[in-house]
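Hi there,

Here is the structure I promised to pass on. Have a look at it first, and then read my notes below.

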Amino acid sequence: MIPGNRMLMVILLCQVLLGGTASLIPEEGRKKFADQNQAGERRSPQNHELLREFEATLLNMFGLHRRPQPNKSAVVPQYMLDLYRLQSGDDVPHDSSFEYPERSTSRANTVRSFHHEEHLELMPGQRQDTQLRFVFNISAVPESEVLSSAELRLYREQIDTVLNWKEGFHRINVYEIMKASGRQGDLITRLLDTRLVHQNRSRWESFDVSPAVLRWTLQRQPNHGLAVEVIHLNETRSRQGMHVRMSRSLRPMYGDWSQFRPLLVTFSHDGKGHALIRRAKRSSKGPKRKKNRSHCRRHSLYVDFSDVGWNDWIVAPPGYQAFYCHGDCPFPLADHLNSTNHAIVQTLVNSVNSNIPKACCVPTELSPISMLYLDEYDKVVLKNYQEMVVEGCGCR
């Protein structure tokens, strides 16, 4: 993992080579850079090559082999947006019934979402009225990532026509398809998860499909997909499963199918940094005492992803306050400069021997950010990146 301050320098250099001036360049350097642009200077082929190298370095840090070029029809599930909002601590989820997956995120720093291949919904041996097949292409999950869990999310709509409470119950069964059926036989499946629910409310239901996805990824077993069965306990066969959003054709007139279709969500870890942790909403730390503005301290540095042309594939955030450290480490070092004993000794020696350099103003505390983006395969990814924000500066 590239340290946060080095990563910011890479972005800053990319911005300079791209010719933009907003946000990424510190205020004191903007006028000079703007004057150079107005003078008509053109970027040399060497600069273009350097830019490509910088972009490749950043993409490698993000775990990408190439710059994503998302399709205009790509859909970002509301679940992923809500998960990002809670993860970043900046907003509340759109869905009031949203439950943060504490157990799943505690072992993962990456969350990916997948929609099923609709053309593979039906296959021989299925009961079309109650059972559908869902095949998810999860080849976008890198082999270097260790998958810890996976869930299948299904949306069901409230039905108000049932007068008797006892008639409103139905069971949803989720199976792994172990073997595709022959011409005459039924599907060979194993039950993964089941739930008895009541149709008195609209909500998402989450089912644990980790055993199946782990078989497909870790054990390299064939992926024949999942089968979902909806059984109403006291209802006619003709109405079974009609309110569970499993197929585009069931109720095409209701809502946006792209946001209500089944969703497979995987939780994995790439071995870099810490797992996802739900952050509390950020608040000000209260009044601070005045400090010498020339001394080592934290300065504002806002990174705007649109400045480097990445806002087409980075969904959120549009940018973030990265900060940077700058300032003097004078003798004697004050307590608020957060200095090490070595820095105090070095500064003391510098005061009598100018050949020994002063201590440097550097980040002493860095925090992560979460990013929601579309990868090279138009899959939506939520990932935790370490050492992206300077929280504290000191003399070292």
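(Buried means under 20% relative accessible area, exposed over 50% and partly exposed in between, using a 1.4 Å probe and protein chains only.)

Before going on, a word about the source. This is a predicted model, in which local features need pLDDT of at least 70, side-chain atom pairs count only at pLDDT 80 or more, and totals for chains, interfaces and linings use all residues. Residues are numbered from 1 along each chain as its sequence is written, and side-chain values use heavy atoms, with hydrogens and water left out.

As for confidence, the protein averages a pLDDT of 78, and 73% of the residues score at least 70. (pLDDT is the predictor's confidence in each residue, from 0 to 100.) Over residues 16–41 the pLDDT is below 50, and this stretch has 45 contacts in the model beyond near neighbours in sequence. (Contact means heavy atoms within 4.5 Å.)

**Back to Ser 370**

You will find Ser 370 in strand E14. (Helices, which are H or I runs of at least four residues, and strands, which are E runs of at least two, come from DSSP and are numbered from the N terminus.) Leaving aside residues up to four places away in sequence, Ser 370 touches several others, among them Tyr 84, Gln 87, Ala 316 and Pro 317. Between Ser 370 and Ala 316 there are 54 residues in sequence, but 8.4 Å in space, C-alpha to C-alpha. With Gln 87, the side chain of Ser 370 makes a polar contact of 3.1 Å. (A polar contact is a pair of N or O atoms within 3.5 Å; within protein, one must be able to donate a hydrogen and the other to accept it, and residues adjacent in sequence count only if both atoms are side-chain atoms.)

**The sheet**

Strand E14 belongs to an open sheet of 7 strands, in the order E6-E3-E8-E1-E15-E14-E11, with antiparallel pairing. (Two strands pair if DSSP finds at least two bridges between them.) Strands E6 (203–208) and E11 (314–316) stand at the edges with a single partner strand each, so one side of each has no neighbour in the sheet. On average, neighbouring strands here are turned by 30 degrees against each other, direction ignored. (Axes are lines fitted to C-alpha atoms, for helices over the stretch in contact, and angles run from 0 to 180 degrees between N-to-C directions.)

Arg 112 has Val 381 in E15 as its bridge partner. Helix H4 (residues 78–88) lies across several of the strands, including E1, E14 and E15, and runs at about 15 degrees to E15.

In helix H8 (341–350), the residues Ala 343, Gln 346, Thr 347 and Asn 350 are buried. They cover an arc of only 100 degrees around the axis, which puts them on the same side of H8. (The arc is that of the directions from the helix axis to the C-beta atoms.) What they pack against is E15.

Helix H6 (210–217) is largely enclosed by the rest of the structure, because 6 of its 8 residues are buried. One of these is Trp 216, and the cover over the buried residues of H6 includes E3, E6, E7 and E8.

Most residues other than glycine have a negative phi, and most peptide bonds are trans. Here are the exceptions I noted.

- A cis peptide bond links Ala 316 to Pro 317, with omega about -5 degrees; Pro 317 sits in the loop between E11 and strand E12 (319–321).
- Phe 331 and Pro 332 are also joined by a cis peptide bond, with omega about -5 degrees.
- Arg 220 has a positive phi near 55 degrees, and Arg 220 is exposed at a relative accessible area of 52%.
- Phe 323 has a positive phi of about 65 degrees, but Phe 323 counts as buried at 18% relative accessibility.

Phe 323 also touches His 299, a residue in strand E9 (residues 297–299). The side chain of His 299 reaches the backbone oxygen of His 326 at 3.1 Å.

Cheers
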